[in-house]
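Here's a quick tour of one model, going from a single aromatic ring out to the helix packing around it. Have the viewer open and follow along.

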Amino acid sequence: MVIMKLFEKIQALLGGGLVKDVGDLVDRFVTTGAEKQQIKAELMELKHRHEVDALKLTMEAEQEFNQRIKDLEGTAKDLHQSGWMGKAVLFMRGAQRPLWGYFVAYMDFMVFAGRWNLNNNEQLESAFWIINFLVLGFLFGERAVKNVAPLVGEMMSKKR
């Protein structure tokens with residue numbers, strides 16, 4: 001255990017995440033195979049504890065953030081207490097994604113089928129692409145928009 005404390009101090013001095021470097025030091029300065037194995041096992045345990053502690057801290061921070069949002073904004077259960085007005089707000093919150101999704105799907109169909117012409121009006125074309133990215137980003141997340149944005153940029157540059 002004295003060795004463990006020594007390596008904890010070395011790791012603290014060098015600044016976390018350097019178990020491999022300390023492992024190299026063990027290879028250089030410890031001569032017996034059994035001692036090397038024990039020290040390396042203790043180092044791996046130390047690294048594992050460090051990772052678990054980091055994950056716990058991250059999870060606690062996320063939980064605190066979520067609790068703060070619940071405290072400030074309230075939850076759906078709070079809206080049920082407001083009678084018919086709360087139920088109307090819940091319905092509008094739940095209907096927002098499908099309504100925007102169907103609106104954008106209809107708009108895209110009309111534009112891409114050639115029924116609506118956006119080529120003559122630059123502002124209308126810009127609004128079309130902005131609405132698409134906002135709604136699709138809201139519905140499908142940032143990753144979907146990041147994956148599609150380069151393709152749209154290429155398409156727009158070829159068009160002009």
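Let's start with Trp-116, which is partly exposed, at 36% relative accessibility. Keep in mind that this is a predicted model. The ring of Trp-116 pairs with that of Tyr-106: the centres are 5.8 Å apart and the planes sit at 85°, so this is an edge-to-face pair. The two residues come from distant parts of the chain, with Tyr-106 in helix H5 and Trp-116 in the loop between H5 and H6, ten residues apart. Tyr-106 has a relative accessible area of 45%, so partly exposed is the label here too.

## Other rings

How many aromatic pairs does a search of the whole structure find? The search turns up five. One of them joins Trp-100 and Phe-103, with ring centres 6.0 Å apart and planes at 80°, so this pair is edge-to-face. Trp-100 and Phe-103 are both in helix H5, and because they are three residues apart there, about one helical turn separates them. There's also a cluster, in which ring pairs link Phe-112, Phe-128 and Trp-129.

Here is how some of the residues in this report come out on accessibility:

| Residue | Relative accessibility | Class |
|---|---|---|
| Trp-100 | 40% | partly exposed |
| Phe-103 | 39% | partly exposed |
| Tyr-106 | 45% | partly exposed |
| Trp-116 | 36% | partly exposed |
| Asn-132 | 5% | buried |
| Gly-86 | 1% | buried |

## Where H5 meets H6

Now for the helix pair itself. Helix H5 covers residues 84–112, and it packs against H6 at an angle of about 140°, with the axes 10 Å apart. Why do H5 and H6 count as oblique to each other? Roughly antiparallel would take an angle over 145 degrees, and the angle here is about 140°, so H5 and H6 are oblique. Their crossing is left-handed.

On the H5 side, the contact is made by Arg-97, Trp-100, Gly-101, Phe-103, Val-104, Met-107, Asp-108, Val-111 and Phe-112. H6 brings in Phe-128, Trp-129, Ile-131, Asn-132, Val-135, Phe-138 and Leu-139. Sorted by type, the residues of this contact come to twelve nonpolar, two polar and two charged.

Asn-132 is worth a click. It is found in helix H6, residues 122–140. Is Asn-132 buried or exposed? At 5% relative accessibility, Asn-132 counts as buried, because the cut-off for that label is under 20%. If you leave aside neighbours within four places in sequence, Asn-132 is in contact with Val-104, Met-107, Asp-108 and Gly-137. Val-104, Met-107 and Asp-108 are among the H5 residues that make the contact with H6.

Back on helix H5, have a look at Gly-86. Gly-86 has a relative accessible area of 1%, so it is buried.

## Zooming out

What does the secondary structure of the protein come to? The count is seven helices and zero strands, and along the sequence the pattern reads α-α-α-α-α-α-α. Of the 160 residues in the protein, 18% are buried. As for contacts between residues at least 6 apart in sequence, 41% join residues at least 24 apart.

Methods:
Residues are numbered from 1 along each chain as its sequence is written. This is a predicted model: local features need pLDDT of at least 70, side-chain atom pairs count only at pLDDT 80 or more; totals for chains, interfaces and linings use all residues. Side-chain values use heavy atoms; hydrogens and water are left out. Helices (H or I, at least four residues) and strands (E, at least two) are DSSP runs, numbered from the N terminus. Buried means under 20% relative accessible area, exposed over 50%, partly exposed in between (1.4 Å probe, protein chains only). Contact means heavy atoms within 4.5 Å. Axes are lines fitted to C-alpha atoms, for helices over the stretch in contact, and angles run from 0 to 180 degrees between N-to-C directions. Angles under 35 degrees count as roughly parallel, over 145 as roughly antiparallel, 65 to 115 as roughly perpendicular and the rest as oblique. A crossing is left-handed if the near helix is turned anticlockwise from the far one by less than a right angle, and right-handed if clockwise. Ala, Val, Leu, Ile, Met, Phe, Trp, Tyr, Cys and Pro count as nonpolar, Asp, Glu, Lys and Arg as charged, and the others, Gly among them, as polar. Rings of Phe, Tyr and Trp (its six-membered ring) pair if their centres lie within 6.5 Å; planes under 30 degrees apart count as stacked, over 60 as edge-to-face and the rest as tilted.
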